[in-house]
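I opened the structure to go through its fold and its charged pairs. My entries follow in the order I looked things up.

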Amino acid sequence: MYDTLLAFGDSITQFGSNPNISGFVLHLSGYYSRRMDVLNRGFSGYNTRDALRVASHVFPRSKGMSQKGPESSFALPESPKAPHLCLLFFGANDARLAPYSQHVPLDEFYENLHKLVMLLRDPNSDYYSPDTRIVFITPPAVGDRMIEDVAGRNGYAPDRKNSVTKLYADAVKKVARKHDLPVVDIWTAIEDLVHGSASTDSPDCKTESNIAEHDVPTEEASVSPFEGYEKYLLDGLHLNRSGNELLFKLIVSEIEKA
């Protein structure tokens, strides 16, 4: 059996297997064909609290044969062996503004990421896997005006802000430094590209099947009202084709540094 690359995250990871938006997980599967099997364990709507709740179904046990864990509303197949690589990609939902139920306070978010790492790094953990390479991914930048546009057309208040998401991206990097782990900083990458380019060309954005078409901001023929974030985001939150391709390249670059 080949080594495995495990991508554990939220809807951005789940949608990463969608060919219509050139999903980054799909690209990883092709790139590492005949070298690693890529497992997508992305769960739409999940935050780090949810990640800890289902981690016993995602990480293979190193002690004992049982996969018993916290109650879950669905069953997941057991992983036969510890992953060679594990991508941890959370924060987009934790950074949702209070009082939305997905919101996780920043301090708790930091501790939850630490706990996820320790599941694989603590010798006393049932999921101890010292040979698994862990790579963090920050939440991507948020397009504030895209979020406002979607919220306005659907009758609710904007529920995300890029300035808040940055705090969560910074927390990811802080945890990575604490554990001496690599991090893919997609938040900064998108920010640099958006603010470093004056181009306003419309992207080729094909909609993820799980995102309604009316939730995707309309394209403008002239200057975009969305400040350039539409080049990389579908709806202000989820990655579009260009965003996924950017993330794929960043991940491969980080993995192959070692």
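I began with helix α6, residues 162-178, in this predicted model. Helix α6 lies across β4 and β5, and I read its angle to β4 as about 160°.

Next I traced the sheet under that helix. I found an open sheet of five strands, in the order β2-β1-β3-β4-β5, with parallel pairing. Its edge strands are β2 (36-42) and β5 (183-184), each of which pairs on one side only. L85 has R133 in β4 as its bridge partner.

I noted the order of elements along the chain. The pattern reads β-α-α-β-α-β-α-β-α-α-β-α-α, which comes to eight helices and five strands.

Whole-chain figures came next. The chain has 258 residues, and 51% of them count as buried.

I then turned to the salt bridges, of which the structure holds 11.

R53 and D50 form one of them, at 3.5 Å from N to O. Both sit in helix α3 (residues 48-58), and because they are three residues apart there, about one helical turn separates them. D50 is buried at 18% relative accessible area, while R53 is partly exposed at 30%.

What does the D159 side chain meet in a salt bridge? I found R96, at 2.8 Å from N to O. D159 is in the loop between α5 (144-154) and α6, and R96 is in the loop between β3 and α4 (106-121), so this pair ties together parts 63 residues apart in sequence. D159 is buried, with a relative accessibility of 6%, and R96 is buried too, at 17%.

For E227 and R145, I noted a salt bridge with the closest N and O atoms 3.4 Å apart. This pair links distant parts of the chain, 82 residues apart: E227 is in the loop between α7 (186-195) and α8 (241-255), and R145 is in helix α5. Here E227 is partly exposed at 40% relative accessibility, and R145 is partly exposed at 44%.

My last entry is a network of salt bridges that links K166, D170, K173 and D185.

How values were computed:
Residues are numbered from 1 along each chain as its sequence is written. This is a predicted model: local features need pLDDT of at least 70, side-chain atom pairs count only at pLDDT 80 or more; totals for chains, interfaces and linings use all residues. Side-chain values use heavy atoms; hydrogens and water are left out. Two strands pair if DSSP finds at least two bridges between them. Helices (H or I, at least four residues) and strands (E, at least two) are DSSP runs, numbered from the N terminus. Contact means heavy atoms within 4.5 Å. Axes are lines fitted to C-alpha atoms, for helices over the stretch in contact, and angles run from 0 to 180 degrees between N-to-C directions. Buried means under 20% relative accessible area, exposed over 50%, partly exposed in between (1.4 Å probe, protein chains only). A salt bridge is a side-chain nitrogen of Lys or Arg within 4 Å of a carboxyl oxygen of Asp or Glu.
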